[in-house]
Amino acid sequence: MGDLAALPLRERKKALNRAAIVAAAERLFEERGFDNVTVAEIADAANVSVKTLFVYFRSKEDLVFTDTWLIDALLSALTERAPGTSAAEAVTGVLKDALADDTDGRGIEGFHRGYGESEALRSGLLRMWVDYEDKITKALAAYDGADPTPTHRLHAIQLVGIVRSLTCPETRQLVNGLPQDAARTALERWLREATPQIPDPHPIGNKAASRRR
């Protein structure tokens with residue numbers, strides 16, 4: 001809010017409206033599922049008109065992919081990790097932090113109810129994962145002080161796999177019916193198991209990254 005306070009009143013109102021719309025959409029999607037929520041219901045929950053909502057977002061689908069906090073956190077962790085910390089450790093660290101912050105209990109069940117069961121979102125989610133893969137490939141190469149290689153691409157695919165595995169149907173089944181704390185413990189256990197399954201290729205460029213630090 002400190003950053004918002006520095007904005008002109010008009011821009012501040014726009015930022016607050018946008019944030020309210022996104023928050024309302026996420027809550028409704030996770031409570032009832034993407035397919036069962038209308039644009040009018042989102043606008044009403046955000047206390048704006050449907051016309052105002054469409055000023056900020058072209059479609060209901062756009063509301064799903066507007067929040068980039070996860071990929072932003074992953075890229076930051078990958079590019080700023082200390083020498084000796086594998087990329088898989090950096091990725092699972094972000095995911096463990098996200099689990100620890102899941103205080104409302106929606107978590108993985110909320111993701112599946114809100115997004116994972118919607119056929120309308122399937123292609124958009126696949127495009128999102130490809131975008132993650134592209135960005136992580138570039139981040140790995142930058143960390144190594146090198147141009148992207150097939151090794152970086154393969155490693156990025158594996159790292160995105162860790163992220164996707166946390167919300168896959170099999171993992172949902174793993175925690176189905178468990179209390180929130182027990183579910184979190186089970187997911188953290190899975191992340192500990194997954195990390196060593198993604199070996200760090202240690203390309204030559206890592207030495208350059210270490211010298212930069």
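Which residues does L159 touch, not counting residues up to four places away in sequence? L159 touches L78, A87, A88, V91, I136, L140 and I198, where contact means heavy atoms within 4.5 Å. The model is predicted, so local features need pLDDT of at least 70 and side-chain atom pairs count only at pLDDT 80 or more, while totals for chains, interfaces and linings use all residues. Residues are numbered from 1 along each chain as its sequence is written, and side-chain values use heavy atoms, with hydrogens and water left out.

L159 belongs to the largest nonpolar core, which has 48 residues. A nonpolar core is a set of buried Ala, Val, Leu, Ile, Met, Phe, Trp, Tyr and Cys residues joined through side-chain atoms within 4.5 Å. Buried means under 20% relative accessible area, exposed over 50%, and partly exposed in between, with a 1.4 Å probe and protein chains only. Within this core, F29, I42 and L159 touch the most other members. Helices that each supply at least two of its residues include α2, α3 (39-45), α9 (119-144) and α10 (150-165). The most comes from α7, with 7 residues. Helices here are DSSP runs of H or I with at least four residues, numbered from the N terminus.

F29 lies in helix α2 (residues 9-32). This helix has 24 residues and reaches 34 Å from its first C-alpha to its last, close to the 34 Å expected at 1.5 Å a residue; the expected span is 1.5 Å times one less than the number of residues. Its buried residues are N17, I21, V22, A24, A25, L28, F29 and E30. After α2 comes G33, with a positive phi near 100°.

F29 also takes part in ring pairing. Rings of Phe, Tyr and Trp (its six-membered ring) pair if their centres lie within 6.5 Å; planes under 30 degrees apart count as stacked, over 60 as edge-to-face and the rest as tilted. The structure has 3 aromatic pairs by this rule. F29 and F34 make a tilted pair, 5.1 Å centre to centre with 55° between the planes. F29 has a relative accessible area of 0%, and F34 is buried at 2%. With Y115, F29 makes an edge-to-face pair, 5.9 Å centre to centre and 80° between the planes. This second pair links distant parts of the chain, since Y115 is in helix α8 (residues 107-116), 86 residues from F29. Ring pairs link F29, F34 and Y115 into a cluster.

A charge sits over a ring if NZ of Lys or CZ of Arg is within 6 Å of the ring centre and within 35 degrees of the ring normal. R81 likewise lies over the face of Y143, 3.7 Å from the ring centre.

Salt bridges number 9 in the structure, each being a side-chain nitrogen of Lys or Arg within 4 Å of a carboxyl oxygen of Asp or Glu. R58 pairs with D62 at 3.1 Å between the closest N and O atoms; R58 is exposed at 73% relative accessibility, whereas D62 is partly exposed at 23%. In helix α9, R122 and E119 are 3 residues apart, about one turn, and their side chains meet at 3.4 Å, N to O. D131 and K135 form a salt bridge at 3.2 Å, being 4 residues apart in α9.
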